[in-house]
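Colleague: I would like to learn how to read a model of this kind feature by feature. Could you take me through it, with the general idea before each case?

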Amino acid sequence: QTYETKTVLITAGSHRRKLDIPGAQEFENKGITYCASCDGPLYTGKDVVVIGGGNAAFESAAQLLAYAKSVTLLQRGKSYRADPVTVEKVLSNPKMTGISNIELLEVKGGQFVSSLMYRDLNDNQIKEVPCEGIFVEIGLLPSTDFAKDVVELNRFDQIVIDAKTQASNTKGVWAAGDCTDTLYHQNNIAAGDAVRALE
């Protein structure tokens with residue numbers, strides 16, 4: 001339908017970046033998940049893997065250490081992007097293993113996930129991590145494709161806004177939440193952004 005209006009507030013949010021390797025789609029919700037706080041208790045006493053190297057990945061690993069038998073964090077790059085103090089604290093846990101400079105190859109399993117294959121770029125060897133859960137923390141993709149010809153987007157496809165008013169560069173169009181270029185993306189911050197836009 002078409003609506004005529006003087007103003008528009010875009011609150012389209014974002015969605016999780018997903019793994020693009022064999023087995024990833026097949027085992028979605030069968031061991032591959034995106035929320036440690038939601039699903040962590042389901043993996044009590046089990047071996048799990050966290051994919052990523054930023055603060056979100058390390059925070060997920062920290063949550064999972066309270067439940068899991070072991071947590072292995074795999075990161076593509078050579079150095080972690082998370083805050084050094086967070087990295088040091090999480091990796092000091094005896095149940096925690098961090099492996100960087102890897103290339104993900106394949107998720108394996110039967111009815112559910114049983115392992116993750118990767119290439120260790122430090123020695124070019126293909127290795128396998130036995131696991132029953134894979135927690136993916138490799139970023140968010142803003143849901144802004146429908147607005148790309150209307151408002152200015154940055155290189156991450158986030159809507160560029162005035163931080164004081166939430167206004168976009170297009171007159172009459174505001175945006176709030178995870179679809180914008182604000183520094184932090186959380187539910188409570190998104191709600192506050194929307195209230196500011198309505199002011």
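**Reading the model**

Modeller: A disulfide is a pair of cysteine sulfur atoms within 2.5 Å, and here such a bond joins C35 to C38, with an S to S distance of 2.2 Å. This is a predicted model, in which local features need pLDDT of at least 70 and side-chain atom pairs count only at pLDDT 80 or more, while totals for chains, interfaces and linings use all residues. Residues are numbered from 1 along each chain as its sequence is written, and side-chain values use heavy atoms, with hydrogens and water left out.

Colleague: How many disulfides does the structure hold, and which hand does the one between C35 and C38 have?

Modeller: The structure holds 1 disulfide. The torsion about the S-S bond of C35 and C38 is about 65 degrees, and the disulfide is therefore right-handed. C131, by contrast, is in no disulfide, and the nearest cysteine sulfur to it, that of C35, is 18 Å away.

Colleague: What does the secondary structure of the chain come to?

Modeller: Helices (H or I, at least four residues) and strands (E, at least two) are DSSP runs, numbered from the N terminus. On that basis the chain has 4 helices and 12 strands, and its C-alpha trace spans about 55 × 35 × 35 Å along the principal axes.

Colleague: What is the strand order of the open sheet, and is its pairing parallel or antiparallel?

Modeller: Strands of a sheet pair through backbone hydrogen bonds, either parallel or antiparallel. Two strands are taken as paired if DSSP finds at least two bridges between them. Here an open sheet of 5 strands has the order 3-10-4-5-6, with parallel pairing. Strand 3 and strand 6 (96–99) stand at the edges with a single partner strand each, so one side of each is left without a neighbour in the sheet.

Colleague: How many bridges join strand 10 to strand 3 and to strand 4?

Modeller: Strand 3 (residues 32–33) is joined to strand 10 by 2 bridges, and I32 has I134 as its bridge partner there. Between strand 4 (residues 47–51) and strand 10 there are 4 bridges, with I51 standing opposite V136. Strand 4 is also joined to strand 5, by 5 bridges and again running parallel, and in that pairing V48 stands opposite V71.

Colleague: Which way do the residues of strand 10 point?

Modeller: In a regular strand the side chains alternate between the two faces of the sheet. In strand 10 (residues 133–136), G133 and F135 point one way and I134 and V136 the other way, and all are buried.

Colleague: What does T72 touch, once residues up to four places away in sequence are set aside?

Modeller: Contact means heavy atoms within 4.5 Å. T72, whose place is in strand 5 (residues 70–74), touches V48, V49, V50, T97, I99 and V129 when those neighbours are not counted. T72 is buried, with a relative accessible area of 11%.

Colleague: Where is A61 found, and is A61 buried or exposed?

Modeller: A61 is found in helix 2 (residues 55–64) and counts as buried, at 0% relative accessibility. Leaving aside its neighbours within four places in sequence, A61 is in contact with V50, V71, L73, V90 and M96. For the chain in general, among contacts between residues at least 6 apart in sequence, 54% join residues at least 24 apart.

Colleague: Where does F156 lie, and how far apart in space are F156 and L74?

Modeller: F156 lies in the loop between strand 11 (140–142) and strand 12 (173–175), and F156 is partly exposed, with a relative accessible area of 47%. F156 and L74, 82 residues apart in sequence, are 23 Å apart in space, C-alpha to C-alpha.

Terms used:
Buried < 20%, exposed > 50% of the residue type's maximum accessible area, 1.4 Å probe, protein only.
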